[in-house]
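The following exercises concern an interface between two protein chains. Each task is followed by a solution in steps.

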Amino acid sequence: MEPVTLTVNGATRRLFVPPQRTLLETVREDLGLTGTKHGCELGECGACTVLIDGVPILSCLTLTVNATDCEIVTIEGIGSMTEPHPLQRSFGEHGAAQCGYCTPAMILTAKALLDRDPNPSEETIAEAIAGNMCRCTGYLSILSAVAAVTEENQ
Amino acid sequence: MRSEPHLGIVGRAAPRVDALAQATGRVKYLDDLSYSGMLHGKILRSTEAHARIVAVDTSAAKALPGVHGILTGEDLPVAFGLLPVSQDEHALAVDKVRHIGDPIAAVAAEHPDIAQRAMELIEVTYESLPVVTTMTEAVETTEEPIHGDGPRNNRDREISLEFGDVDAGFDIAYHIREDVFFYQGNNHAALEAHGALGVVEDDGRLHVFSSTQVPHYLHRILAKVLEMPESRIRVTATPTGGGFGAKTDVFSHELVAGQMALITGRPVKFVLTREEVFYAHRGRHPVLMWVKTGFTSDGRITAMSFRTFIDGGAYGSYGAASLLYTGQLQTITYRIPAYRFEGVRLFTNKPACGPKRGHGTPQPRFGLEVHLDKAADDLGLDPVTIRKRNLVSPNTVTVNHLRITSCGLTECIDRVVADSGYLDKRRHLPQGHGIGFAIGAYMSGAGLPIYFNDMPQSEVMIKVDRGGGVTVYSMAADCGQGSTTMLATVVGEALGLDPSDLVVITADTDLTPVDLGSYSSRVTFMAGNAALEAALKLTDLVLTAIADELDIDQDAVEIGHGVVVAGDREIPWAEAARIAEARWGLLVTTGTYKPPKDIKGDYRGAGVGPSPAYSYSACVADVKCDPETGHVSVERVWLAHDVGRAINPLLVRGQIEGSVHMALGEVLMEEQTFRGALHSGPSLLDYKIPTVLEMPRVESIIVESIDAEGPFGAKEVGQGPLLPVIPAVVNAVHDALGIRLDAIPLRPDKVLAALDDLERGGPGRYGPTDLPDYTFRSPLRVDPPPEAVTV
Amino acid sequence: MLRLPPLRYEAPSTLEEAVALLAEDGALLAAGGSDLVPNLKRRQYPTARTIVSLRRVADLVGIRVESDGTIRIAALTTLATVVEDSRLPKVLREAAGAVASPQIRNQGTVGGNLCVDTRCDWLNVPDTWRQAAEPCLKAGGEMCWVAPAKKDCWAVSSSDLAPVMVALGAEVQLIGPDGRRSIPIEQLYRNDGMAYLTKTTEEILTEVVIGPHAGLRATYRKLRRRGSIDFPILGVAAAVRLDDADICTEARIVLGAVASAPLRVPTSEEVLVGRTYNAETIAEAAEAARKLARPLNNTDLTSRYRTRMIPVFVRRALEELG
């Protein structure tokens with residue numbers, strides 16, 4: 001077991017994890033943050049995306065021990081039912097979630113983009129979510145949902 | 001049932017009722033559930049494509065500390081299958097394995113790593129058997145059939161039907177055209193892998209949670225295989241992370257999760273890996289098809305003969321229905337005066353195929369629509385004209401006894417053709433740039449239930465509490481298509497309440513009355529109608545009570561937004577509900593839906609194809625092709641869909657766009673192929689789903705034909721819009737490059753092969769030419785209904 | 001959920017310690033993990049016992065551009081950092097941007113991409129699949145399933161950066177038990193799917209150095225099915241220098257993903273050097289590339305198709321530089 005210290009959604013968590021434990025397993029199974037999903041566990045679908053130090057990464061490919069001392073943000077950390085992040089509201093308004101399974105990763109990826117570039121073009125949004133698979137929507141409503149919360153459109 | 005919406009709740013583009021729960025990560029999918037003391041299950045799967053199981057030695061696995069349960073085939077010996085005619089599966093292999101990935105044994109352990117290790121310790125002794133991987137082999141091989149031991153051994157189902165005098169139709173034809181097409185199989189690739197969790201509850205009953213689209217069928221099959229009464233089992237369908245038909249069958253892991261919970265007394269969870277999802281499969285059947293059509297000189301169809309060979313994989317699954325669907329729905333778009341359909345489903349040593357969005361109809365629709373495009377060329381007609389000359393009319397009956405009611409097909413065609421400028425662009429775009437057109441149609445639910453019974457196909461219950469809160473109970477499982485929102489909207493419109501203020505309890509066999517499941521695009525039509533009936537009964541109770549209370553005529557009382565309006569008085573809903581409860585007692589109403597009986601013919605096979613209403617679509621696709629690389633990119637898609645009425649246009653548009661995405665995957669890149677019996681790449685890297693970068697602009701056009709029997713006039717939208725996209729793209733590639741791709745997906749190497757053929761002076765075609773050497777039995781002759789147009 | 005096998009974990013703080021740890025049996029070097037972790041989850045490295053992470057080693061991240069134009073990229077610099085650094089040549093940024101997906105570029109590193117394990121349809125397969133087939137050479141078996149007549153492994157070099165770095169004439173710095181050494185990156189690779197790197201397993205690639213390259217025009221074209229996520233199934237990196245009279249004075253054409261190493265195409269380069277850079281010489285050079293590579297059927301699409309695309313992609317790359 002390896003000791004790790006993570007800041008998850010603003011709270012510091014000290015854990016002992018086996019070295020082979022991935023961050024995906026840690027957030028879902030050790031911390032109970034099941035908003036982070038998984039569709040392949042091999043880095044091929046994007047559903048497990050979380051933010052590490054503000055940057056979207058695939059938690060299924062990240063060893064928890066390698067994330068020690070990092071700031072991790074999961075979908076639970078950016079808004080709630082009562083105080084949703086503008087993206088969380090926008091996804092509903094634009095029908096950008098159908099089954100909802102890719103949605104947490106999609107929203108986090110979009111949030112990281114908007115934090116860096118508050119006025120991305122549609123092309124930039126598409127490039128940013130090109131590692132996130134969605135099987136339901138055909139992506140177009142997702143592009144609209146993200147475009148609606150750019151600085152320009154707010 | 002038809003009812004006019006007047007409050008604007010139906011017809012409003014509103015978010016899903018669970019939108020915020022989804023966007024905040026609060027929705028609990030199957031793998032998000034956990035119990036203290038829960039065990040983790042793994043299934044050992046066959047590494048042989050076809051073998052007799054000589055022995056399964058689980059002793060080393062049993063001895064591993066932390067292992068609590070092991071199951072093999074002999075523990076669950078009862079055969080099952082979703083269709084009563086296909087009881088050919090076992091929860092775990094008994095005697096034989098039939099494809100790589102066939103389940104053999106299951107383990108449950110304290111930790112996933114222990115389960116993994118235990119699984120690795122199980123030793124299976126196989127006796128290899130001859131392997132059949134192609135349809136030709138399946139037809140020709142006589143030794144060791146995959147199932148049974150009859151003379152036509154690897155044949156699962158065969159159908160041979162003739163409606164009207166087909167030969168006479170060909171005799172009078174001015175022009176006859178024949179084509180052979182191939183549509184490769186593919187997988188649903190829902191992002192969430194399947195999973196199930198079994199728990200023995202405090203009352204000793206078994207509770208199985210599953211990411212299923214069909215909790216009712218799972219309930220029945222659990223009872224059968226576990227040999228327990230249904231009353232001792234509760235099934236809860238968790239919200240599925242995508243279905244598309246993948247989760248409409250019952251699978252090994254669901255049965256094993258139940259049994260494992262019973263034998264260990266502890267909760268046990270099984271979640272498939274992505275590799276296992278490709279082995280569980282039940283995806284689109286590969287279909288090889290031949291179509292022959294006779295035309296008059298002005299392009300009217302005189303007769304059609306359609307033949308399909310479908311590669312079923314190792315089990316029956318829904319295949320008997322899939323096979324019929326490859327032949328039955330050609331007649332719901334075109335008036336075909338005489339029609340022959342012959343089809344055979346063959347077993348091969350590959351994962352079983354089953355239903356995927358459009359179930360059995362995208363393949364023949366592709367063939368038919370490309371065939372018509374070619375026939376139009378032959379006859380010097382444009383592709384729109386040839387179709388319009390043959391369109392079915394509303395309120396008619398087809399030659400194979402299907403009842404057509406509302407039909408917005410003409411409007412769909414006119415809209416996409418006009419908006420895209422199809423007729424002006426066709427043949428006038430620069431080389432490499434093309435435009436294509438096609439149409440399609442689908443069912444709003446199957447006319448018959450999967451197992452024979454006379455009960456309703458959908459039942460809904462509504463209960464009002466003393467605060468005026470309304471709870472809707474339905475077994476309809478939301479697989480992302482929005483059925484929960486649909487139920488809330490239909491009931492909301494009837495009661496004047498905002499859909500987000502209703503509680504909708506779904507997909508739980510203890511709590512909700514039966515709905516057969518989320519397949520066949522049946523839920524809006526059937527559960528929607530049942531919900532509307534229940535809501536209207538409730539409305540009636542409330543309005544009567546208010547009229548009695550105020551001593552006024554009931555006609556003077558009506559539902560308003562959150563109120564009951566009685567003359568110039570507005571009574572808040574909660575108060576009205578209390579008055580009604582005082583008048584009637586507990587406010588519970590129910591509604592049911594059963595399709596009309598007279599929508600089907602009376603012949604073997606007539607059960608597949610009838611639907612209370614058909615949706616219609618038309619599509620124009622604009623494509624660019626690189627003649628040097630063979631790369632095809634779809635630039636823009638116009639898709640008009642006759643949804644009857646859009647209960648929620650936002651969700652309707654979402655289904656259209658999602659259907660376009662899935663169709664583009666199928667026509668451009670997705671294929672479940674094999675090297676021998678080995679899957680070519682059971683991963684989301686090797687199985688290519690389009691990313692956002694492959695997605696074109698989509699112009700969604702909603703057409704409302706207001707169906708007389710649909711809830712508020714609504715019909716389906718979840719599957720139909722996929723159908724015309726595929727042939728529209730293929731026809732567009734012809735417009736772009738002058739080549740005919742009669743086999744899909746349109747891999748760039750195939751595009752180049754067709755271009756090479758053109759360069760060598762050939763017809764510029766890539767596709768199959770031969771059919772397996774197979775003799776169909778002579779067709780069952782069915783007289784067309786008297787009202788059908790015949791030869 | 002697919003999980004990693006049990007492993008030991010070491011995160012030394014110096015390169016020397018890391019080198020010593022890598023000498024142990026079953027030790028594997030981890031940079032961003034985006035190649036290593038999936039391969040481990042698929043049980044492709046049955047002897048793996050220890051992951052040696054470089055995350056604590058100082059000075060392995062960052063890009064320096066020196067006054068003479070020399071670029072030094074530390075091995076653990078992420079691909080996303082390369083994409084975003086406007087000081088870097090466009091070809092490098094585009095090639096880094098063509099790797100996998102945005103998330104993988106945020107964690108994947110330059111060193112990791114240069115050393116990415118060779119890939120094959122018969123090797124990068126999940127567990128049940130692997131057990132259903134006899135192991136191939138690289139998986140410890142007796143023969144290659146792609147070319148059963150041969151005794152070599154034909155797994156494919158799948159790096160997007162490697163062909164570009166070869167075209168730019170980069171050098172790599174290595175540190176090992178015998179100290180540091182620097183080699184032209186071309187010499188890092190060996191056309192052998194199993195031993196595809198010439199560096200020893202104890203050696204660590206610490207830095208890639210691109211010398212002054214003013215006036216060099218370079219580009220990279222990648223063949224894949226989708227615009228994202230996919231590995232290359234053909235990569236063409238081309239770099240040329242033209243004089244004032246449009247005479248080509250220097251040319252490097254490198255093919256990726258058609259062999260177990262990035263392949264220089266001297267036959268095409270020779271066509272160009274000393275001649276006027278025009279449609280005719282470009283076409284001739286492109287045609288000359290066709291003969292060199294023999295891709296096999298072990299990635300997406302067919303080998304025939306990929307072979308056919310070589311001259312097309314070479315020509316288009318060269319045209320872009322004219």
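**Exercise 1.** In this predicted model, which kind of contact do the side chains of C:Arg316 and B:Asp626 make?

*Solution.* Begin with the atom pair: the N to O distance is 2.7 Å. The rule for a salt bridge asks for a side-chain nitrogen of Lys or Arg within 4 Å of a carboxyl oxygen of Asp or Glu. The side chains of C:Arg316 and B:Asp626 therefore meet in a salt bridge. Across the interface of chain C and chain B, the rule finds five salt bridges.

**Exercise 2.** Determine which elements of chain C give two or more residues to the side that touches chain B, and classify the residues of that side.

*Solution.* Polar contacts come first: 12 residue pairs, both partners at pLDDT 80 or more, are in polar contact between chain C and chain B. H11(C) gives the most, with seven residues. By class, the side of chain C that touches chain B holds 14 nonpolar, six polar and 12 charged residues.

**Exercise 3.** Describe the extent of the interface between chain C and chain B, in residues and in buried area.

*Solution.* Count the residues: 32 of chain C are in contact with 37 of chain B. Next, take the area: the two chains bury about 3,000 Å² between them, with 54% of it on carbon and sulfur atoms.

Definitions and conventions
Residues are numbered from 1 along each chain as its sequence is written. Chains are lettered from A and ligands numbered from 1 in the order in which they are written. This is a predicted model: local features need pLDDT of at least 70, side-chain atom pairs count only at pLDDT 80 or more; totals for chains, interfaces and linings use all residues. Side-chain values use heavy atoms; hydrogens and water are left out. Contact means heavy atoms within 4.5 Å. Buried area is the accessible area (1.4 Å probe) that two parts lose on being put together, summed over both. A polar contact is a pair of N or O atoms within 3.5 Å; within protein, one must be able to donate a hydrogen and the other to accept it, and residues adjacent in sequence count only if both atoms are side-chain atoms. Helices (H or I, at least four residues) and strands (E, at least two) are DSSP runs, numbered from the N terminus. Ala, Val, Leu, Ile, Met, Phe, Trp, Tyr, Cys and Pro count as nonpolar, Asp, Glu, Lys and Arg as charged, and the others, Gly among them, as polar.
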